[in-house]
Amino acid sequence: MKHIFKKGSDLSNPTLLLLHGTGGTEEDLLPLVDHIDPEVNVLSVRGNVEENGMPRFFRRLAEGVFDEEDLIFRTKELYEFLDQAAKDYGFDRDNIIAVGYSNGANIAGSLMFHYQDALKAASLHHPMVPRRGVELPDLTGKKVFIAAGTNDPICPAQESEDLKELLDGAGANVQLHWENQGHQLNLGEVKAAADWYKSL
Ligand code: MLT
């Protein structure tokens, strides 16, 4: 997958996996790194799917309606990419913390829904429930930060509550943070995510 890797001050540090929103690229979330942890390794990936020229991490049938078959396929593809990238660059495969926005948050959520060992933790900005009616792996010990908007037109507030409940139910430790700036990735939630990260 097209990506950027930046080694941190030490390869044994955590690796932030950055996952952009629809129409974004692997450059988009790089400015967040300094807010979260300037010492960290960074693996920023571009989604492999295009929708009218806009990169995404999986196909959708309509806004908010996911192509489940493609979601499962793309989730596996990203999971395998992470395994390979850890070998190629020498970072700790078991210490990956995802930071995803919108479509990127949805594939990060999907990694957790499908694989017990995909991520150590995840900061999900304006995510949706990636799939319903499936059994999640045991996520005991995993930490998740969800930044949601009370007035997000793409991810209704109930969707964020449902996601928290499903992850909690699988044993994850979930912190839900509310903003009121619609679907925007805003500084308030980035600061809250940085505080969450320090507590890991
Ligand atoms: C998605 O398709 O992942 C969600 O609708 C969010 C978006 O990318 O617009």
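These legends describe close-up views of a predicted model. Local features need pLDDT of at least 70 and side-chain atom pairs count only at pLDDT 80 or more, while totals for chains, interfaces and linings use all residues. Residues are numbered from 1 along each chain as its sequence is written, and side-chain values use heavy atoms, with hydrogens and water left out.

**View 1. Phenylalanine 58 and phenylalanine 66 form an edge-to-face pair.** Rings of Phe, Tyr and Trp (its six-membered ring) pair if their centres lie within 6.5 Å; planes under 30 degrees apart count as stacked, over 60 as edge-to-face and the rest as tilted. The count by this rule is 5 aromatic pairs. The ring centres of phenylalanine 58 and phenylalanine 66 are 4.9 Å apart and the planes stand at 75 degrees, so this pair is edge-to-face. Phenylalanine 58 and phenylalanine 66 are both buried (under 20% relative accessible area; exposed is over 50%, partly exposed in between; 1.4 Å probe, protein chains only). Arginine 56 lies over the face of phenylalanine 58, 5.2 Å from the ring centre (CZ of Arg or NZ of Lys within 6 Å of the ring centre and within 35 degrees of the ring normal).

**View 2. Tyrosine 79 stacks with tyrosine 115.** The centres are 3.9 Å apart, with 10 degrees between the planes. Tyrosine 79 sits in helix α2 (residues 68-89). Tyrosine 115 is in the loop between α3 (103-114) and β9 (121-125). The two are 36 residues apart, and the pair links distant parts of the chain. Helices (H or I, at least four residues) and strands (E, at least two) are DSSP runs, numbered from the N terminus.

**View 3. Phe5, Tyr89 and Phe91 form a cluster.** Ring pairs link these residues.

**View 4. Residues surround the ligand.** Among them are Thr22, Arg56, Phe58, Arg60, Phe66, Asn106 and Met128 (a heavy atom within 4 Å). A polar side-chain atom of threonine 22 is 2.5 Å from a ligand oxygen atom. For asparagine 106, a polar side-chain atom lies 2.8 Å from an oxygen atom of the ligand. A side-chain N or O atom of arginine 60 is 3.2 Å from a ligand oxygen atom. On its own the ligand has 260 Å² of accessible area, and the protein covers 96% of this (Shrake-Rupley method, 1.4 Å probe).

**View 5. Glycine 53 is exposed.** Its relative accessible area is 52%. Glycine 53 lies in the loop between β4 (49-51) and β5 (54-56). Glycine 23 is 30 residues from glycine 53 in sequence, and 7.6 Å away in space, C-alpha to C-alpha.

Technical notes:
A polar contact is a pair of N or O atoms within 3.5 Å; within protein, one must be able to donate a hydrogen and the other to accept it, and residues adjacent in sequence count only if both atoms are side-chain atoms.
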